[in-house]
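Subject: Structure handover

Hello,

Here is the structure I said I would pass on.

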Amino acid sequence: MTNPVEPGAHTDPVSSLRPLPIDVVSVQSQVVYGRVGNNVAVPALQAQGLTVATVPTVVFSNTPHYPSFHGGAIPSEWFSGYLSDLFARNALGKLRAVLTGYMGGPQQARLLAEWLVRVLQARPALQVVIDPVLGDHDTGQYVSPDMTEAYLRHLLPLADGLTPNGFELQQLTGIEGSDIDSTVIAARRLLTGRTQWVVVTSAAPAAWPDNQMLVAVVTRHEHKILSHARIDASPKGTGDLFSATLTGQLLCGASLFDAARYACDQLIDALALTRQAQSAELLLPPAASLMGDRPAGA
């Protein structure tokens with residue numbers, strides 16, 4: 001028999017329960033239809049055995065390249081509330097990484113940075129991976145022009161690692177980065193403060209071998225260049241898949257270079273699958289593929 005509650009007494013049945021342990025907070029775009037942002041990052045991280053909390057920066061019907069497009073940025077009050085309520089729920093006690101992608105504007109970058117400072121004070125070993133989404137060589141810049149300064153001022157100083165593409169590296173540093181040497185110089189310009197590494201996708205296009213693309217893995221003391229096949233498919237969300245897979249592998253214990261190689265392999269598998277199916281949206285490899293054959297040390 002349960003004890004009756006005295007009149008006027010207040011109970012909080014949730015307070016006696018353990019909060020859900022979160023491994024990764026993923027702060028990115030969300031679409032109703034399509035495979036970009038958190039629609040890609042969450043399954044990629046979950047397939048590696050990680051529990052993810054998602055914070056949307058924008059909610060769109062789909063990406064803007066379709067004939068119809070609806071939605072917009074999350075209001076600042078909502079966005080900051082999403083972040084602060086993770087503290088209120090005591091959900092960050094086992095947090096291991098924060099991954100960011102497409103931001104809804106400079107104000108969000110500032111609010112996220114303020115929250116990250118608070119999280120890092122509580123969990124100094126946290127890994128912060130920033131994908132500074134600005135645009136690409138084939139589309140140009142597709143965010144507001146002041147987002148470059150917002151990243152440089154607010155988010156990059158808090159990052160352990162960055163995953164820009166070649167276009168974004170140029171926007172952040174002012175260095176063209178068409179060859180390997182200039183790419184490494186540009187990447188090292190971003191290695192200040194907390195930032196320990198930069199992995200540049202679609203790097204050094206002037207140095208690409210036939211039917212190949214390059215990824216530059218750059219730290220303060222060394223750099224390595226990865227080569228992967230150039231697949232004739234260009235769905236949106238490839239950068240989101242790469243950064244999420246890379247982050248997951250780092251949390252699984254892989255070295256930076258092995259994590260980048262694994263992320264490349266998964267991306268190529270996804271692109272090949274997408275091309276084979278003639279899909280308008282990125283198709284992800286089976287979960288078993290994401291879980292198996294991890295790099296040495298993972």
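Helices and strands are named here from DSSP runs, a helix having at least four residues and a strand at least two, and they are numbered from the N terminus. With that naming, Asn211 lies in the loop between β9 and β10. Please keep in mind throughout that this is a predicted model.

Loop residues

Asn211 has a positive phi of about 60 degrees, although Asn211 is not a glycine. Is Asn211 buried or exposed? Asn211 is exposed, and its relative accessible area is 63%.

Gln278 also has a positive phi without being a glycine, here of about 50 degrees. Its place is the loop between α8 and α9, the latter covering residues 287–291. Gln278 is exposed, at a relative accessible area of 74%.

Asn62 is in the loop between β2 and β3, where β3 covers 71–73. Asn62 counts as buried because its relative accessibility is 9%, and the limit for buried is under 20%. The side chain of Asn62 reaches the backbone oxygen of Ser68 at 2.9 Å. Once neighbours within four places in sequence are set aside, Asn62 is in contact with Val31, Tyr33, Ser68 and Phe69.

Strand β1

Ser26 sits in strand β1, residues 24–31. Ser26 is buried, with a relative accessible area of 0%. Its side chain and that of Gln28 are joined by a polar contact of 3.1 Å. Beyond its neighbours within four places in sequence, Ser26 is in contact with Asn38, Ala41, Val52, Ala53, Thr54, Val55 and Leu99.

Ala150 belongs to helix α4, residues 147–155. What is its relative accessible area? The value is 5%, and Ala150 is buried. Not counting residues up to four places away in sequence, Ala150 touches Pro106, Ala109 and Leu155. Ala150 and Ala206 are 56 residues apart in sequence, and their C-alpha atoms are 29 Å apart in space.

Helix α6 runs over residues 180–189, and its buried residues are Ser182, Thr183, Val184, Ala186 and Ala187. An α-helix has 3.6 residues a turn, so residues three or four places apart point the same way. Which elements do the buried residues of α6 pack against? They pack against the helix α5 (166–173) and the strands β9 (197–203), β10 (212–219) and β11 (223–229).

Cavity

How many cavities of 30 Å³ or more are there? The count comes to 1. About 30 Å³ of space lies in the largest cavity. Its lining is made of Gly166, Leu169, Gln170, Ile175, Glu176, Gly177, Thr183, Val200, Ala203 and Ala204. Thr183 in this lining is also one of the buried residues of α6. Both α5 and β9 supply at least two residues of the lining, and the largest share, 3 residues, comes from α5. By class, the lining of the cavity divides into 5 nonpolar, 4 polar and 1 charged.

The largest pocket holds about 1300 Å³ of space. Of the 45 residues that line this pocket, the closest to its centre are Asp136, Asp138, Pro235, Thr238 and Gly239. The elements giving two or more residues to its lining are β1, β2 (52–60), β6 (135–136), β9, β10, β11, α7 (238–251) and α8 (256–277). The lining of the largest pocket has 22 nonpolar, 15 polar and 8 charged residues.

Cysteines

A disulfide is a covalent bond between the sulfur atoms of two cysteines. How many disulfides does the structure hold? The structure holds 0 disulfides. Cys264 is buried, with a relative accessible area of 2%.

That is the end of the notes.

Regards

Notes:
Residues numbered from 1 in each chain as written. Predicted model: local features only at pLDDT ≥ 70, side-chain atom pairs only at ≥ 80, totals over all residues. Heavy atoms only, no water. Buried < 20%, exposed > 50% of the residue type's maximum accessible area, 1.4 Å probe, protein only. Contact = heavy atoms within 4.5 Å. Disulfide = S-S within 2.5 Å. Polar contact = N/O pair within 3.5 Å; in protein donor to acceptor, adjacent residues only side chain to side chain. 1 Å grid on protein atoms, 1.4 Å probe; cavity = no way out; pocket = protein on both sides within 12 Å on 5 of 7 lines; lining within 4 Å. Points joined across faces, edges and corners; volume = space filled by probe spheres on them. Nonpolar A, V, L, I, M, F, W, Y, C, P; charged D, E, K, R; others polar.
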